Amino acid sequence: MTTTAPRQHLTGQKPAWAEEMTAMLDAYQQAGGDPQALQLPEVATLVISGEQVLASHEIPGVHLEAESLEQGVRARIIVEPEAHVDRPVHLCFGVIPAEGRQEILADYEIGPGAQVQFLAHCSFPNAVRVEHVMQARIQVGKNANLTYTEEHFHGPHGGVDVRPQAKVVVDAGGQFISTFSLTRGRVGALDVDYQIDVAEGGVAELTTKAYGTAEDRICVRETVRLNGERARGLTRTRLAVRDSATSQVFTSMEGNAPGVRGHMDCTEIVRNQAQAHNEPLVIVRDDQAQVTHEAAIGMVNRKELESLLARGLDEDAAVDLIIRGMIR
Amino acid sequence: MSAPLLQIEALNLRRDGRLILNQVNLSVYPGQVHALLGLNGSGKSSLAYTLMGCEGYAPDSGRILFDGRDLNGLSITERARLGITLAWQEPARFEGIPVGKYVGLGLANPDREQTVAALEAVALSAKIYGYRAADQTLSGGERKRVELAAVYAMRPRLAILDEPDSGIDVLSLVEIEKLIRRMAGDGSAVLLITHREELLATAEAASLICAGQIIFSGDAMEARQYYSGRCRPHLESLGAQPWDTASPEAQAALASNGSLRPTLVEQKSE
């Protein structure tokens with residue numbers, strides 16, 4: 001296990017470590033993160049570059065364990081039962097070189113009654129041929145509340161193959177709120193695969209946003225199984241593709257118990273020669289369950305566009321503003 | 001009086017084979033509030049979209065002159081850059097675009113003070129609304145005010161306000177009347193589209209439109225009397241247009257004299 005306190009960073013460390021850390025902090029900032037936050041003693045942080053754990057800082061109630069593997073890192077993140085973590089836990093993952101592979105095998109255990117937010121920033125600023133695989137197992141304990149926000153920055157080359165995969169179990173009364181955003185830099189190839197099981201009275205909300213250009217490929221697979229009574233689920237997918245990019249969305253929501261409510265909401269905006277595909281799957285196994293879906297795929301809404309044109313914007317600027325707003 | 005800022009001449013618009021605007025003539029002068037009054041379905045909004053150059057609203061014949069320039073063939077953006085803008089009757093909702101940003105879109109150099117002032121002009125606090133998205137979370141009335149603020153901030157030469165009063169409560173109506181006067185005071189001409197005769201108090205001139213035809217044009221108070229005396233009772237008794245252009249009688253009238261009710265047209269010179 002490698003553990004390093006970020007407060008000591010850049011002093012007393014080997015030059016190579018310091019260089020790597022500086023590059024990661026720059027990339028972290030490009031991904032929308034605040035490097036200052038990584039310096040605060042009250043903020044739990046984990047910084048991983050390639051297969052190296054550059055920094056790990058625990059706070060009361062939050063335990064972070066990480067060990068280097070040949071091509072990645074295995075991490076275990078534990079939030080103690082009833083812990084109410086005031087400041088978001090910051091996770092910083094990335095690959096700085098143009099080529100490389102990073103595999104993160106992560107186990108999250110959010111204890112019963114705990115409340116915590118995670119802010120994950122994943123940066124691949126120079127990627128020409130980089131593969132990033134995240135395999136996460138997330139357990140949200142009874143009445144626990146986990147908000148997980150993941151933002152990506154991929155640089156201009158489109159050479160990133162990103163595969164975030166998560167198996168999530170939300171126990172009774174627990175809440176899992178997740179936002180995945182890849183709207184800066186080229187997407188490259190993105191294949192999201194989340195599977196979530198929600199117990200009685202639990203909540204799962206997934207928001208996925210991405211903007212594909214050139215030959216980017218986006219694939220979003222999300223399965224939410226509402227297994228316990230009164231469980232609730234929501235998926236919001238907001239994708240925009242232009243040029244020759246493609247997007248595919250396969251969302252599935254199962255209503256397996258009385259009183260569950262599920263909704264899938266997908267908007268995909270298509271421009272130029274881009275293509276979008278959406279396949280919602282609704283399965284209801286209980287006559288007191290309700291699952292709905294709505295999808296809008298195609299060009300920018302004409303009325304929205306004309307409203308912006310009437311303020312003097314040209315068409316490209318107006319479309320961009322609408323798309324940026326949607327994936328914001 | 002000076003030359004008209006907006007001059008519409010013999011404008012015809014057909015959609016899906018149906019005559020929506022029929023030989024419309026109308027003039028709006030610089031700094032003037034000109035009300036366009038008509039019942040639902042009379043062609044008011046269609047005229048607004050035609051003036052703005054919206055898709056599907058290219059006129060079949062006639063001319064629209066703005067400051068002497070023919071708008072035919074100009075895009076919405078080009079018209080907006082000439083100083084024309086439109087406040088939609090049912091404004092679009094924008095996911096993720098903050099109200100403050102939306103209001104400042106029409107400004108050459110977006111400036112916080114102007115945005116704040118525009119929001120205050122429609123009785124919205126920039127502190128509360130500035131960072132909220134102009135999306136479904138706003139009520140109909142709030143979104144409408146935001147639309148008016150965006151138009152006001154732009155300081156257009158011609159503001160087309162499509163039923164700014166619809167979906168607005170009585171108290172808000174007073175604010176809207178104030179805003180219309182303020183726009184005119186700042187030099188904008190306003191084409192005020194409404195079916196609420198009370199709003200005519202803010203206008204100097206008015207036109208009545210019925211079944212796509214202008215049936216009266218002239219003083220706002222005369223228009224009000226005309227409307228309340230002849231159009232309103234019809235609306236209340238039938239709940240529909242006095243003259244349906246699709247009816248066999250109307251089509252026959254159109255074929256014989258090119259107009260539905262020529263006797264009602266009382267064009268008054270400015």
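Chains A and B

Modeller: Start with chain A: a compact globule of 328 residues would have a radius of gyration near 20 Å, and chain A agrees because its value is 20 Å. The radius is taken over C-alpha atoms, and the globule rule is 2.2 Å times the number of residues to the power 0.38. This is a predicted model, where local features need pLDDT of at least 70, side-chain atom pairs count only at pLDDT 80 or more, and totals for chains, interfaces and linings use all residues. Residues are numbered from 1 along each chain as its sequence is written, while chains are lettered from A and ligands numbered from 1 in the order in which they are written.

Biologist: What does the C-alpha trace of chain A span along its principal axes?
Modeller: About 60 × 50 × 35 Å.

Biologist: How many helices and strands does chain A have?
Modeller: Chain A has 3 helices and 19 strands. These are DSSP runs numbered from the N terminus, with helices being H or I of at least four residues and strands E of at least two.

Biologist: And what share of chain A is buried?
Modeller: Buried residues are 52% of the 328. Buried is 20 or more other C-beta atoms within 10 Å of the residue's own, exposed is 12 or fewer, and partly exposed is in between, with C-beta atoms placed from the backbone.

Biologist: Switching to chain B, what are the counts of helices and strands there?
Modeller: Chain B has 9 helices and 11 strands, and 47% of its 270 residues count as buried.

Biologist: What about confidence in chain B?
Modeller: The mean pLDDT, the predictor's confidence in each residue from 0 to 100, is 86 for chain B, and 84% of its residues reach 70 or more. Over residues 237-244 of chain B the pLDDT is below 50. Where pLDDT is low, the predicted coordinates should not be read in detail.

Notes
Contact = placed C-beta atoms within 7 Å.
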